[in-house]
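Here is a friendly tour of one protein chain. Have a look at it before reading on.

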Amino acid sequence: YFTPLRDPNILLPTQGSDFLGRAIATPIVKLGGEHQMAKLNWHPITRGGEPAGELLGAFELYLNEGAELPFMPPTRQDVYQVPSGIRPVMQLTRIEVLTWGVRHMKKFQLAAVN
């Protein structure tokens with residue numbers, strides 16, 4: 001039973017080729033056409049009571065009380081696009097690895113450095 005004072009929980013089973021675990025999330029409940037943007041949060045995934053990873057997601061629950069529901073996100077080749085308001089900001093990152101004292105290592109696809 002749902003009341004606006006007590007938000008419902010969502011049970012999210014995750015699976016690939018087999019069952020990976022479950023996560024529990026609490027959505028943002030939107031009453032009467034509110035326009036609060038959902039934020040991405042990490043939700044722990046458990047399998048048999050043991051930690052099995054984390055799920056990054058944002059969840060919204062719209063209650064249709066005569067208010068207009070939001071439009072569906074755009075699609076590209078039958079796949080919904082993540083709205084830009086909740087899409088994580090990506091940036092290019094460079095990683096440098098410097099090692100000393102590596103001995104007796106076999107050569108594997110090494111390129112000449114000038």
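What follows is a short walk from the whole chain down to a few single residues.

## Ground rules

This is a predicted model, so local features need pLDDT of at least 70 and side-chain atom pairs count only at pLDDT 80 or more, while totals for chains, interfaces and linings use all residues. Residues are numbered from 1 along each chain as its sequence is written, and side-chain values use heavy atoms, with hydrogens and water left out.

## The whole chain

Let's start with the big picture. The chain has eight strands and zero helices. Both kinds of element are DSSP runs numbered from the N terminus: helices are H or I with at least four residues, and strands are E with at least two. Read from the N terminus, the elements go β-β-β-β-β-β-β-β.

How much of the chain counts as buried? Of its 114 residues, 11% do. Buried here means under 20% relative accessible area, exposed means over 50%, and partly exposed is in between (1.4 Å probe, protein chains only). The accessible surface of the chain comes to about 10800 Å², and carbon and sulfur atoms hold 56% of that. These areas come from the Shrake-Rupley method with a 1.4 Å probe, and for residues only the protein chains shown count as cover.

Contacts are worth a glance too, a contact being heavy atoms within 4.5 Å. If you take the contacts in the chain between residues at least 6 apart in sequence, 36% join residues at least 24 apart.

## The four-stranded sheet

Four strands make an open sheet in the order β1-β2-β4-β5, with antiparallel pairing. At the edges stand β1 and β5 (50–57), each with a single partner strand, so one side of each has no neighbour in the sheet. From one strand to the next, the twist averages 35°. For such angles, axes are lines fitted to C-alpha atoms (for helices, over the stretch in contact), and the angles run from 0 to 180 degrees between N-to-C directions.

Now zoom in on β1 and β2, which form a hairpin with three residues between them. Strand β2 covers residues 19–25, runs antiparallel to β1 and is joined to β1 by six bridges. Two strands count as paired if DSSP finds at least two bridges between them.

## Two threonines

Thr14 sits in strand β1, residues 10–15. Is Thr14 buried or exposed? With a relative accessible area of 15%, Thr14 is buried. Setting aside neighbours within four places in sequence, Thr14 is in contact with Phe19, Leu20, Gly21, Arg22 and Ile45.

Thr46 belongs to strand β4, residues 41–47. Thr46 counts as partly exposed, at 37% relative accessibility. Not counting residues up to four places away in sequence, Thr46 touches Gly21, Arg22 and Ala52. Thr46 and Gly21 are 25 residues apart in sequence, yet their C-alpha atoms are 5.2 Å apart in space.

## A loop with positive phi

Which loop holds Gln77? Gln77 lies in the loop between β7 (75–76) and β8 (79–80), and Asp78 is also placed in the loop between β7 and β8.

Phi of Gln77 is near 55°, a positive value in a residue other than glycine. For Asp78, also a residue other than glycine, phi is positive as well, near 65°. Gln77 is exposed, with a relative accessible area of 75%, and Asp78 is exposed at 80%.
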